[in-house]
Amino acid sequence: MEDFKSNENPYRKINSTSAYRRLMMAYYFMVKHPNWFGKKVAWITSGGPVEPLYAMGVLPFYPENYGAMCGASRMSVSLCEAAEHKGYSHDLCSYALTDIGSSLTGRGPLGKLPKPDFLICGNNICGTVIKWYELQARAFDVPLFFFDTPFIHEEMQDHTLRYVQNQIKAYIAFLEKQLRRPFSEKRFEQVCLNSFETITLWKEILDLPRHHPAPLAAFDAFIHMAPIVTLRGTRWAIYYYRKLKREMEERVKRGVGAFAREEIRLIWDNIPIWYDIRNLSKLLSSQGAVLVADTYTSAWAMDDLDQTQPLNGLAKAYAMIHLNRGLEYKIKKIANLVEQYGAHGFVMHSNRSCKPYSLGQLDLKREVTRLTGKPGLMIEADHTDSRSYAPKQVEKQIQLFLDIIRTKDKAI
Amino acid sequence: MDKKIALAKMLKEFETIASKGYREIASTFSKDCIPIGFFCPYVPEELIHAAGALPFRLMGTPIKMSHVQAHLPPNCCHLVKSSFESLLQGELDFLKGIIFSHTCDTMQGLADIWALQKRIPLQFNLMMPSHLDSEFSPPFLKAEIERFKSFLESHVGKISLSSLKGSIQLFNRIREKQREIYNYRAKGHQIISGIAFARIMRAGYLMDRERYHELLNDLLNWLPEEPESNDHLVPLYLAGNMTHSDSYFSLIEEAGAVVVQDDICSGSRFFRLMVPEDTNPIEGLTGRYLASYMCPTKYKGALAHIETLLREVQHSNAKGVIFLFYKYCESHFFDYPDLKQALESQGIPTLLLEVEDPSYSTEQLKIRIQAFVEMLSPF
């Protein structure tokens with residue numbers, strides 16, 4: 001078996017990354033010093049409707065995105081331990097523990113964060129955020145708006161649609177009350193246009209790896225997804241994704257792939273293992289294996305967006321994101337990704353910290369293999385807490401899995 | 001008949017139901033019985049009963065886990081794992097249907113995995129709103145309850161206005177009787193022991209409800225009016241997601257304490273609130289299930305859980321609170337540090353017990369409960 005560590009790094013650097021770094025630095029600079037810009041800050045869940053915030057001139061801050069940053073910079077473990085010291089269980093979501101630990105200690109990649117003015121919580125990603133935001137609302141003594149999006153096991157019911165649409169209106173009223181100024185429909189429409197354009201660009205970028213070789217690997221998408229999460233609705237995100245798209249299209253034209261070798265194409269399911277992205281990317285690239293698509297970054301490429309009715313369209317789109325849908329939907333989605341991206345197999349991260357993503361994966365794996373004939377691999381980890389991760393074991397599993405694919409598919 | 005013999009006979013009937021495995025209980029059902037399974041107090045049992053079926057609650061049984069690992073990750077609670085294991089082992093094949101109500105992420109995930117097995121003919125996912133304090137929640141829940149009613153009518157039996165009203169009355173009376181038993185035990189527990197009490201409560205989710213109501217009536221009639229004094233016992237409040245298991249109440253009792261009130265899943269969360277009987281039944285059910293608060297998966301404002309618990313504990317005159325949680329229950333564990341702090345700042349000591357499989361943990365729990373009760377004991 002080839003030792004990937006001795007190989008030269010076959011990963012091809014994305015030039016837009018420097019623009020990405022500048023953009024995210026500017027964003028975090030504003031979030032860190034909102035008073036300098038005369039802005040209020042709202043903490044919002046990753047699946048929460050951000051457009052009304054930008055329309056009202058509020059800066060959104062994403063604790064989950066920050067949790068990913070803490071994970072990638074390997075600061076999560078000490079922050080989780082600080083939260084556990086306060087009495088929070090080790091079994092809780094490590095994004096939440098990281099955020100609680102950061103709030104308690106004032107530590108993290110950005111240091112002490114300013115107190116939010118209010119919180120916006122949408123449970124379309126999980127029920128964990130309800131508890132997480134409740135306790136932060138108590139800790140900071142700030143108002144909390146809760147956007148309740150009932151889970152869609154099969155089809156969305158008419159009364160469910162009415163329920164979420166009515167709540168979006170209540171959300172606007174909440175913002176007007178907090179900010180003491182009226183909501184501007186005109187401004188909101190502009191933000192929605194920006195948001196729709198950003199989502200379209202992101203979708204188009206994620207579609208490009210259907211080409212052979214794939215110009216972009218999912219590990220790149222995990223990094224470059226930060227603007228679609230945090231800056232959706234702004235012109236900045238549009239400019240950035242236009243640039244990234246141009247670069248990726250250029251790669252497609254020239255037949256340049258994300259890695260120097262592309263022999264095996266894989267799909268990724270679940271949140272990345274933030275603290276080990278670099279290592280796993282290196283392992284895969286050294287083996288000529290590319291993650292061509294994933295279920296995580298595509299959660300922000302909303303499929304059911306009705307652009308003719310921004311408010312109602314947004315409510316529906318947010319209620320129907322990947323994590324708020326039943327297992328049958330997820331099985332079809334991954335099977336489609338395998339077919340559309342010409343994948344040889346799929347890798348599932350059984351994520352100790354994310355139950356909505358991880359429950360059902362074992363059945364999902366069997367069903368996708370039954371439907372596509374492609375093998376799947378399950379690896380166990382946690383998105384930010386490295387205490388629950390055995391890297392050597394996972395590397396071994398991946399290498400064996402790639403060997404199986406090679407043996408199975410003689411064309412590789 | 002001697003009162004003690006009569007009482008023992010009644011308790012025996014509760015025990016025969018509550019101490020059996022699922023399949024054994026099912027063997028006692030009549031041929032025309034339609035058992036419909038459910039998990040949590042957010043399922044309106046009244047509707048199932050009004051459709052002519054038996055609401056049958058799955059509360060987690062001791063079972064050797066041998067199949068479930070192929071479907072669920074290890075960090076699911078015992079209730080979820082053991083119930084799914086029971087399904088996979090065929091212990092639940094007698095069920096004609098299963099009802100899931102939206103509560104936590106694990107139950108939500110289980111609902112889909114369960115459906116894939118296709119072992120139970122009928123399944124309904126009731127989308128209980130998570131937001132209990134929004135003006136938009138009542139119309140949403142009402143529509144969900146109506147959808148549930150239509151489902152039952154299509155697949156189980158017609159629900160007439162009078163049958164639904166009758167079922168609402170029956171369940172309200174059961175709640176009243178259970179509350180009386182709670183109050184009685186809080187005054188003098190010795191006649192109904194901890195184990196017997198847990199079985200009485202559990203039987204109420206498994207057996208024919210008319211018979212259960214009769215038994216509760218008889219039990220209350222046979223109990224002496226003046227219970228023995230329990231001044232020597234330390235009054236405790238029990239909080240958590242556990243259902244009544246034989247061991248907890250007897251462990252507490254043996255340690256020299258008595259549970260005077262609880263907010264556990266099969267306890268006061270079921271009987272705390274009545275369905276209004278003088279209004280449209282669907283609206284009554286909507287109002288009751290929306291008002292039912294204490295489950296941490298539901299949101300009613302950031303301070304609601306703390307304020308409710310503090311008020312209830314103070315009202316109960318409990319000297320301490322035992323948190324009894326299933327391991328891996330995120331919703332409860334998120335609340336725990338703030339609840340603990342709020343109680344202890346009011347001078348109310350707390351004890352956290354984290355349990356994976358209730359049938360395995362007795363001795364560990366015993367020592368911790370004894371130490372806690374000794375700390376609170378005035379003697």
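A:R406 is partly exposed, because its relative accessible area of 24% falls between the cut-offs of 20% for buried and 50% for exposed. This value, like everything described here, comes from a predicted model. A:E263 also counts as partly exposed, with a relative accessible area of 31%. The two residues form a salt bridge, and their closest N and O atoms are 2.8 Å apart. This pair ties together distant parts of the chain: A:R406 belongs to helix 17 (residues 391–408) of chain A, while A:E263 sits in the loop between helix 11 (235–254) and strand 5 (264–269) of chain A, 143 residues apart.

The side chains of A:D207 and A:R210 meet in a salt bridge, with 3.4 Å from N to O. A:D207 is partly exposed at 35% relative accessibility, and A:R210, at 34%, is partly exposed too.

Over in chain B, a salt bridge brings together the side chains of B:K327 and B:E354, with an N to O distance of 3.5 Å. Here again distant parts of the chain are linked: B:K327 lies in the loop between strand 7 (320–326) and helix 14 (330–345) of chain B, and B:E354 lies in strand 8 (residues 350–355) of chain B, 27 residues apart. B:K327 has 22% relative accessibility, so it counts as partly exposed. B:E354 falls into that class with 36%. Counted over all chains, the salt bridges come to 44.

Cysteines tell another story: a search of the whole structure turns up zero disulfides over all chains. Take B:C76, whose sulfur has its closest cysteine sulfur in B:C77, 7.1 Å away; that's too far for a bond, because a disulfide needs the two sulfur atoms within 2.5 Å. B:C76 counts as buried, with 0% relative accessibility. B:C295 is in no disulfide either, and the nearest cysteine sulfur, in B:C265, is 6.2 Å away. B:C295 is buried as well, since its relative accessible area is 12% and the cut-off for buried is under 20%.

Chain B also contains an open sheet of four strands, arranged in the order 2-1-3-4, with parallel pairing. At its edges are strand 2 (54–57) and strand 4 (122–126) of chain B, each of which pairs on one side only. On average, neighbouring strands in this sheet are turned by 25 degrees against each other, ignoring direction. To zoom in on one pairing, strand 1 (residues 35–38) of chain B runs parallel to strand 2 of chain B, and four bridges join them. Within this pairing, B:G37 has B:F56 of strand 2 of chain B as its bridge partner.

Back in chain A, there's a nonpolar patch on the surface, formed by A:F29, A:W36 and A:F37. Together these residues have about 360 Å² of accessible area. A:F29 is part of helix 1 (residues 17–32) of chain A. At 41% relative accessibility, A:F29 counts as partly exposed.

Note on methods
Residues numbered from 1 in each chain as written. Chains lettered and ligands numbered in written order. Predicted model: local features only at pLDDT ≥ 70, side-chain atom pairs only at ≥ 80, totals over all residues. Heavy atoms only, no water. Pairing = 2+ DSSP bridges. Helix = DSSP H or I, 4+ residues; strand = E, 2+ residues; numbered from the N terminus. Axes fitted to C-alpha atoms, helices over the stretch in contact; angles between N-to-C directions. Patch = residues over 30% accessible without salt bridge, like charges linked within 9 Å, V, L, I, M, F, W, Y side chains within 5 Å. Areas by Shrake-Rupley, 256 points an atom, 1.4 Å probe, with all protein chains shown as cover. Salt bridge = Lys/Arg side-chain N within 4 Å of Asp/Glu carboxyl O. Buried < 20%, exposed > 50% of the residue type's maximum accessible area, 1.4 Å probe, protein only.
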